[in-house]
Amino acid sequence: MNTFNTDEILTRDAHLIQSFADLDGLKQRAARTAIVSAKGAYVTDSEGNRMIDGIGGLWCVNVGHGREEIIDAITRQLQTLDYYSTFYNFTHPTAAALADRLAALAPGSLNRVYFGNSGSVANDTAIRILHHYNNRLGRPNKKKILSRIGAYHGSTHLAMAMTTPAYSEGWDTASKGLVHHLRAPYAYREAEGMSEAEFLEALAEDMLSAIRDIGAENIAAFIAEPIMGAGGILVAPDGYHQRMRQITAEHDIKYIADEVVTAFGRLGHMFASEDVFGMVPDILTTAKGLTSGYQPLSATIISDEIYDVISEPGAMFLHGMTYSGHPAAAAAALANIDILERENIPLMVQSTGKVFEDALRGLTDSAIVGEVRGSHFMMGIEFVKDKDSREPFADDINVGLRVAQAAQQRGLIARPLGNILILSPTLIMDGAMIDEIEAVLSDSIGAVATELGH
Ligand SMILES: Cc1ncc(COP(=O)(O)O)c(C=O)c1O
């Protein structure tokens, strides 16, 4: 029985400010959906509609919703130790066990873990640590950051400065000149007439020219998502991350891999940097799938080399949050990693993720689908007005939103992003659910295409 009163929820909700929302548009009651419960791969709204969670919460509920094992682990932890931070000289066994486990899972010499509460904080922490590191090494000018057009690294002041400038329209970001945005690895729109290898060289040359202009002695870090997520699911050309790693290493620039989305099974491995892209970064940041979203937690995992500098005698680590290493969050992460390992979820994703990818690629036949791209359970569909010229739909058509709304009416939550629709479901999809997602998308895209006269 549906015991929720939508009117009551939405009346109260008028006091809540949603993230990344058209706040004026949300004044229309119909534009809002209250999710009231979730189990496995599905969520239910306040009207009793059950829908496939095609975005896995916010690409974070990797092991699926409602896992008793994680809920029990959180409860047991709260009963034993509800709160203590990893602050000053204090620690607690659950955070220590999780740091140890992450150090073992992370590639190379990424052995030191700082816990925060969000991906944004994990990325801010990476930069603060590197700035401090360069100060310790007597290189006070080595502070600038290379990021990329299309990147999303978070919403704090600094993380937003590293994010693609489009996200800051009408807003301010951290000091101008701190971040330089390189070209996006957006093959569909940026590589016209080029082979994959030529596009890779063009992107490498873009980095090299930025280094020449800014001076390697002024650049602390390059930050990159293995596959760009919120930028529209942009998969870089083959060999890109290794090439960028090589260039940054040659110029003594640290490589930060933002694995907030790509870790914990989404691409078929616990971490994607080495296992998928053959490269070990100097810092790896992660969040989301670390706890499958059951608790807010992030990790900034740094190399022994960086740690050795910031832990020298006389150095003080002047960085910290009240909830760093929160016991309940650490307990959730440990139980989540237990499930991922016991159920072999990353390995399973290596095959089910490919089935998902193939199913979605079939949608390319639609009159308004320009490209379907991505990998495993991280996919994007780009809609175009004209498939041959790749002319996009005008912004006010809101094609992504239209398809997302059509899909929601048919029982699937997907995420619109301008002309792109993003699918990043839980990692427990079986063949039948994948077929269902494909059927809903095919229907929804068909309906919108007809509506738009295609
Ligand atoms: C790649 C990436 N980095 C960082 C973040 C920021 O994480 P959070 O929203 O937890 O601050 C996100 C969030 O979507 C992300 O996709």
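These questions and answers concern a predicted model of a protein chain with a ligand.

Q: How many helices and strands does the protein chain have?
A: The secondary structure of the protein chain includes both kinds of element. The count comes to 15 helices and 15 strands.

Q: What is the radius of gyration of the protein chain, and what does the globule rule give for 454 residues?
A: The protein chain is as compact as a globular protein of that length, because its radius of gyration is close to the value from the globule rule. The C-alpha atoms fill a box of roughly 65 × 60 × 40 Å along the principal axes. The radius of gyration is 22 Å, and the globule rule gives 22 Å.

Q: In the open sheet of four strands, which are the edge strands?
A: The open sheet has the order 1-2-3-13, with mixed pairing. An edge strand here pairs on one side only. The two are strand 1 (35-39) and strand 13 (412-413).

Q: Which residue in strand 13 is the bridge partner of Asp53?
A: Strand 3 covers residues 50-53 and pairs with strand 13 in the parallel sense, over two bridges. The bridge partner of Asp53 in strand 13 is Ile413.

Q: Which helix gives the most residues to the shell around the ligand?
A: Among the 14 residues around the ligand, those that come nearest are Ser118, Gly119, Ser120, Gly154 and Val260. By class, the shell has five nonpolar, seven polar and two charged residues. With three residues in the shell, the helix that gives the most is helix 5 (residues 119-136).

How values were computed. Residues are numbered from 1 along each chain as its sequence is written. This is a predicted model: local features need pLDDT of at least 70, side-chain atom pairs count only at pLDDT 80 or more; totals for chains, interfaces and linings use all residues. A residue is near a molecule or strand if its C-beta atom, placed from the backbone, lies within 6 Å of it. Ala, Val, Leu, Ile, Met, Phe, Trp, Tyr, Cys and Pro count as nonpolar, Asp, Glu, Lys and Arg as charged, and the others, Gly among them, as polar. Two strands pair if DSSP finds at least two bridges between them. The radius of gyration is taken over C-alpha atoms; the globule rule is 2.2 Å times the number of residues to the power 0.38.
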